Amino acid sequence: MPVNIGMARLSDHLLLFTVVIYSLAMLAYAGEIAYGRRRGKATAQQEPELALAGVAAARGRQRESAGSAGPGQVATGAGGSPVTDTDTPPDAVPAGPWIRAALALTTIGLAAHVLGIVTRGLAAHRIPWGNMYEFVTAITCGAVIVFLVLAVRYRAYFLGLFVMVPVVLGLGLCATVLYTAAGPLMPALHSYWIAIHVTAAIISSGIFIVAATTTVMYLFAERNAARVAVGSHAGGVMQRLPKPEVLDRLSYRTVVFGFPIWTFAIIAGAIWADQAWGRYWGWDPKETWAFITWVAYACFLHARATAGWRGRKAAVIQLLAFGCLMFNLIGVNLWITGLHSYAGIS
Amino acid sequence: MTGARATGVADQAGQDAGQYLPKDGAQEETAGQPAKPFGIMGWLRWCWRQLTSMRTALVLLFLLAVASVPGSMLPQNGTDPTKVQQYISQHPLLGPLLNRLSLFDVFAAPWFAAIYLLLFASLAGCVLPRAFRLAVSARAKPPAAPRHPARLPFGSAYRTTQQPAEALAVATRLLSGEGFRLRTGDGWVAAEKGYLRETGNLLFHIALLALLAAVGLGALFGYKADILLTEGDGFANTVADYDQYHPGRAVAPGDLQPFTIWLDKFSASYIASGPLRGEPSSFAASLRYQQQPGTPIRRYDLQVNHPLNIDGAKVYLLGHGYAPQFRITDGKGRLALQQAVPFLPADNTDFTSEGVIKVPDAQPDQLGFVGVFLPTEVASDGQLSSAFPAPLNPAVSLVSYAGNLGLNSGAPQSVYQLQTSGMRELPIEPRPLFPGQSMKLPNGVGTVTFTGYRQWISLQVTYDPGRVPALISAILAVFGLLLSFLVRRRRLFVRVHPATAGQDGADTAGNGTEVEFGGLARSDVAGGFEEEFVALTAAIRAAHQVTQGAAAGQAPLDESASASLGSTAGQGSVSSQGGTASAGGTASTDSTTATGATASTDSTTGAAASTGAAESTGAAANTDRK
Ligand code: HEM
């Protein structure tokens, strides 16, 4: 069936519109950080103490002194911090006008994004992830969805700016360097496994992007907290970041969620490779880097789960793992040739 | 590792909580200890312990990942030997060095094998003893409760009006109902849960071993073979018929499945217009095959992603190309060659293909040709080129040689290369020949006719008995990994003492019980034990019919307990609701309720304070009902 040119054009326009709207959303998130409401001074001062209460359950003991200091303080501690850690907002500040504007823009952008992907699929009469342009478009969409879920569930609005930066960059690359016209799939991709393998890769990559941005924020917040602990003046903007422990844990949970999906993507890829290439594993560059990425994330999880590493060391491992993921996506697609070359870029 | 972490927790707990912490099978208990080697045996044992420690296994896994990096960056002999040669000749210094280090054969290199064999040994040595230990601990009971459970990292203490025996029975029933494994003693119960964590961990390791074994199975008993098949031809699954054949170490030629395959027709379609013009859109090869001599012949439409499975051997469509057909007569006018000669695609977008025709039977001179096949010939200022991959206007162009092909010299020759050392190029202007056209060679050495073309496909036949075991192992490994990440091992302890009179004036001796409740979890990184502990506390308190009467200012039984619960009181509303509900239930007898309300000294100050509003409402409801 020939490509539906009108649909293809509609898809291109929708995705351009998406980039514009996301950029505006990014500005609004930045506006929140620059001009939004501050957390109350009093709360801010109590923070190191409260944070401790929330973090490691095992450290509850350290708060003995806090407990006996007076009912008032205990009450605040109890009400404020554990909540943060579990299911409710890491950021106690209610959504201000900047955030509301940013969220509205993000939602509009996401709607256009999803429509852009759907129309692309309609234009080419197939699932729209057959080349790198479509793949990156879908991954960024996944990242925005994961962000919105976290924003709704954990009120993690603060992530907005940090997630929008890579998303806008990725879509920008799509519109320029990676752009590939809509067309049918190459025969190698004629298989229902594309819906399984690539979808899993897209979802897990989207999740890992959000986890990595959370970790970058964590590193900022942690440095700020260290400064505050030493008594030096904390940067005004830094003040608005959530507590490092909260970010650390949010990021860890996000990886825990994404890792099994990534593993599934690799196994599905292996099954497909057995169908398409006659072997389930052959150390093709993409396979090799998928394996390296898997090991790196497994090391991160293991370091936290059994070795009890947390904080900066674990964060660095996670960012390394994310680097491998990105290298597989960008480096392997563009600079290394292998069987798995569907980027469609020449 | 175990030691370090346990101590850390104990420090924070201000008590020897470490000894109550569930042991984690994921952590070696031996490697952390300094070894005292006695002679050679001691050293060997020490080495074995080091090798089989979890940390070593992890390091090896990590090394395996790092070691595979060069395999993805440098050209590899296994996939593209010509690129390797190119690389070596372009880097005269570095190339040979890398070659010596097997860096062009990373995945077959001895050092790569060393890493995974060590990993295999490490896993085996780690898993077997642990499986044994797990089997033993499968029936093991949790340790006896500490003297003061409330001083564990999570703790709570309160009073109930129930008698000690009853209070204990209530708690035991509740914990048992929650699926905890129990051990009871005089005035205490110890409960443990989350054994699946170790099981999952073990499953993961065993599955990893099985995965490596499955890969080994394939390498021993599997084979891989390639063949190029032209339309109208067939081949049998025998070593002799294949162009390339790579048997596993334990495969004998007689083990090959006795099937035969014929290629009737191959068809490819390409995108005809638009920006993706020339990209292929589908390939299909219509085959006939016979499972073994004497069985019926079946048809199969072979496509990429749809291999043909015959007796466990899979046949894949790997590539395709054109085989122009020639009819060549020699200098004596005799027919010297009439066949389709496969040409290899030199350009995958327009399918310009190159090939060599050797005519050893030609006399008096042998003939040889180097040719180009253009599926859609277009003339552009003297340059021959193809505009489209489909055969819309097929043409060949030949450079002709006469002389000695050198086939009898004994040295093996590629069918795709012409050895021109014993030949002379014939002085004839190359021009494109279209189907049916002939070219007379100078000096009467012969005539070439391009009669048409056929298509060929390249097939790969693989047999790998390890593929299904590998898949099952991979799935089990993931499943085990999930269990070990998501399940947490935790222990809870309840201790009851008869409440002593005097600590609380209104109480009479023997009329109440002090309950201490504590718990701890190992590797609760994803969080969640807090919530579980709070919910369980609430449930047990409710079962103990404790009402929330204690005001924030009241002296707690155990201050530290209040502090530790303070950190968990985010769920305070849950626990207080439980308390309120039960208070409602016990409100029938005035005196009991009243006593209960004042007597149950609630130490969980944080919770009480934070949910003060809810508490007072509960109390009010109580009063109302009275
Ligand atoms: C063991 C085998 C395989 C592994 C480990 C594997 C791994 C991956 C990974 C990690 C991605 C994420 C994309 C990225 O980061 O660039 C991906 C994407 C993809 N895979 Fe696979 N894969 C395997 C087999 C296959 C097979 C057999 C096919 C098709 C014949 C295939 C087609 C694709 C496509 C179309 C994408 C997305 C598009 C793109 O990369 O541009 N994969 N694969």
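Student: Where is Asn77(B) found in chain B?
Tutor: Helices and strands here are DSSP runs, numbered from the N terminus; a helix (H or I) has at least four residues and a strand (E) at least two. Asn77(B) is in the loop between helix H4 (69-73) and helix H5 (81-90) of chain B. Two points before we go on. Residues are numbered from 1 along each chain as its sequence is written, while chains are lettered from A and ligands numbered from 1 in the order in which they are written. This is a predicted model, in which local features need pLDDT of at least 70, side-chain atom pairs count only at pLDDT 80 or more, and totals for chains, interfaces and linings use all residues; side-chain values use heavy atoms, with hydrogens and water left out.

Student: Is Asn77(B) buried, exposed or partly exposed?
Tutor: Buried means under 20% relative accessible area, exposed over 50%, and partly exposed in between, using a 1.4 Å probe and the protein chains only. Asn77(B), at 25%, counts as partly exposed.

Student: What joins Gln363(B) and Pro364(B)?
Tutor: Most residues other than glycine have a negative phi, and most peptide bonds are trans. Gln363(B) and Pro364(B) are joined by a cis peptide bond, with omega about 0°. Pro364(B) is in the loop between strand E14 (353-359) and strand E15 (366-374) of chain B.

Student: What is the phi of Ser102(B), and what is that of Asn443(B)?
Tutor: Ser102(B) is not a glycine, but has a positive phi of about 60°. The phi of Asn443(B), which is not a glycine either, is positive at about 60°. Ser102(B) lies in the loop between helix H6 (94-100) and helix H7 (110-137) of chain B, and Asn443(B) in the loop between strand E20 (438-440) and strand E21 (446-463) of chain B. Ser102(B) is buried at 17% relative accessible area, whereas Asn443(B) is exposed at 64%.

Student: Where is Gly333(B) in chain B?
Tutor: Gly333(B) is in the loop between strand E11 (313-330) and strand E12 (335-340) of chain B. Its relative accessibility is 55%, so Gly333(B) counts as exposed. The C-alpha atoms of Gly333(B) and Phe120(B) are separated by 68 Å, and the two residues are 213 residues apart along the chain.

Student: How many helices and strands has chain A?
Tutor: Chain A has 11 helices and zero strands. It has 346 residues, of which 60% count as buried.

Student: Where does the ligand sit?
Tutor: On a 1 Å grid over the protein atoms alone, a cavity is a set of points where a 1.4 Å probe fits but cannot get out. A molecule sits in one if more than half of its atoms lie within 2 Å of its grid points. The ligand sits in the largest cavity. The elements that give two or more residues to the shell around the ligand are helix H6 (132-154), helix H8 (193-230), helix H9 (244-276), helix H10 (285-305) and helix H11 (311-335) of chain A. H9(A) gives the most, with six residues.

Student: How many residues surround the ligand?
Tutor: A residue is near a molecule if one of its heavy atoms lies within 4 Å of it. There are 25 residues around the ligand, and the closest are Phe135(A), His197(A), Trp272(A), Lys286(A) and His340(A). A polar side-chain atom of His197(A) is 2.7 Å from a nitrogen atom of the ligand. An N or O atom in the side chain of Lys286(A) is 2.6 Å from an oxygen atom of the ligand.

Student: How many disulfides are there over all chains?
Tutor: A disulfide counts as a pair of cysteine sulfur atoms within 2.5 Å. The count over all chains is zero. For Cys141(A), the nearest cysteine sulfur is that of Cys174(A), 11 Å away; Cys141(A) is buried at 6% relative accessibility. The sulfur of Cys299(A) is too far for a bond because the closest cysteine sulfur, in Cys324(A), is 10 Å away.

Notes
A polar contact is a pair of N or O atoms within 3.5 Å; within protein, one must be able to donate a hydrogen and the other to accept it, and residues adjacent in sequence count only if both atoms are side-chain atoms. On a 1 Å grid over the protein atoms alone, a cavity is a set of points where a 1.4 Å probe fits but cannot get out, and a pocket is an open set with protein on both sides within 12 Å along at least five of seven lines; lining residues have an atom within 4 Å of a point.
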